[in-house]
Amino acid sequence: QVQLAESGGGLVQPGGSLRLSCAASEIIGSIVTMAWYRQAPGKERELVARIISGGSPNYLDSVKDRFTISRDSAKNTVYLQMNSLKPEDTAVYYCNVISNIKEMFKIKEYDYWGQGTQVTVSS
């Protein structure tokens, strides 16, 4: 069964660190993009960080100097290292994977989402 297994969320004090992990299994085709999104109550879901296969990572401006996205291709796992956490980082964080595969006369794209993991930054 296709799934994205997220872990690493929790409660942390301002200035602390967390590392989120997302392990992809049973993915159809080749992974193109792995990313992290977050959503706080009453707010729109926003892209936090994205890494494209063979390319460079990009980040939300507010986390650019504090977060690092990385991937382990052999394990089909993407990580988000979060340092110097602030209360405004509090949200549910979602892993996202995009893959594609060639069919008869087209490329079919698959869009997978993790279940979300809660990150709470509070003193």
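User: Which side chains meet Asp89 and Arg66 in this kind of pairing, and at what distance, N to O?

Analyst: Side chains of opposite charge can pair when their charged atoms come close. In this predicted model, the side chains of Asp89 and Arg66 form a salt bridge, at 2.8 Å from N to O. The two residues belong to distant parts of the chain: Asp89 is in the loop between β8 and β9 (91-102), and Arg66 is in the loop between β6 (57-59) and β7, 23 residues apart.

User: Are Asp89 and Arg66 buried or exposed?

Analyst: Asp89 is buried, and Arg66 is buried too.

User: Which other salt bridge does Asp89 make?

Analyst: Asp89 also meets the side chain of Arg38 in a salt bridge, 3.0 Å from N to O. Asp89 lies in the loop between β8 and β9, while Arg38 lies in strand β4 (residues 30-39), so this pair ties together parts that are 51 residues apart in sequence. Asp89 and Arg38 are both buried.

User: How many salt bridges does the whole structure have, and which residues do they link?

Analyst: A search of the whole structure gives three. Arg38, Glu46, Arg66 and Asp89 are linked by salt bridges in a network.

User: Now the strands. What is the order of strands in the open sheet?

Analyst: To read a sheet, follow which strand pairs with which. Here four strands form an open sheet in the order β1-β3-β8-β7, with antiparallel pairing. The edges are β1 (3-7) and β7, each of which has a single partner strand, so one side of each is left without a neighbour in the sheet. From one strand to the next, the twist averages 15 degrees.

User: How many bridges join β8 to its partners, and which residues face each other?

Analyst: Strand β3 (residues 18-25) and β8 run antiparallel and are joined by six bridges. Within that pairing, Ala23 stands opposite Thr77. Strand β7 (residues 67-72) also pairs with β8 in the antiparallel sense, over six bridges. Asp72 has Thr77 as its bridge partner in β8, and Ser70 has Tyr79. Four residues lie between the strands in the hairpin of β7 and β8, where Asn76 takes a positive phi near 50 degrees.

User: Why is strand β8 largely enclosed by the rest of the structure?

Analyst: Strand β8 (residues 77-82) has six residues, and five of them are buried, so the strand is largely enclosed.

User: What share of the residues is buried, and what share of contacts joins residues at least 24 apart?

Analyst: Of the 123 residues, 37% count as buried. Among contacts between residues at least 6 apart in sequence, 55% join residues at least 24 apart. The chain exposes about 7000 Å², of which carbon and sulfur atoms supply 47%.

Terms used. Residues are numbered from 1 along each chain as its sequence is written. This is a predicted model: local features need pLDDT of at least 70, side-chain atom pairs count only at pLDDT 80 or more; totals for chains, interfaces and linings use all residues. Side-chain values use heavy atoms; hydrogens and water are left out. Buried means under 20% relative accessible area, exposed over 50%, partly exposed in between (1.4 Å probe, protein chains only). Two strands pair if DSSP finds at least two bridges between them. A salt bridge is a side-chain nitrogen of Lys or Arg within 4 Å of a carboxyl oxygen of Asp or Glu. Axes are lines fitted to C-alpha atoms, for helices over the stretch in contact, and angles run from 0 to 180 degrees between N-to-C directions. Contact means heavy atoms within 4.5 Å. Accessible areas come from the Shrake-Rupley method with a 1.4 Å probe; for residues, only the protein chains shown count as cover.
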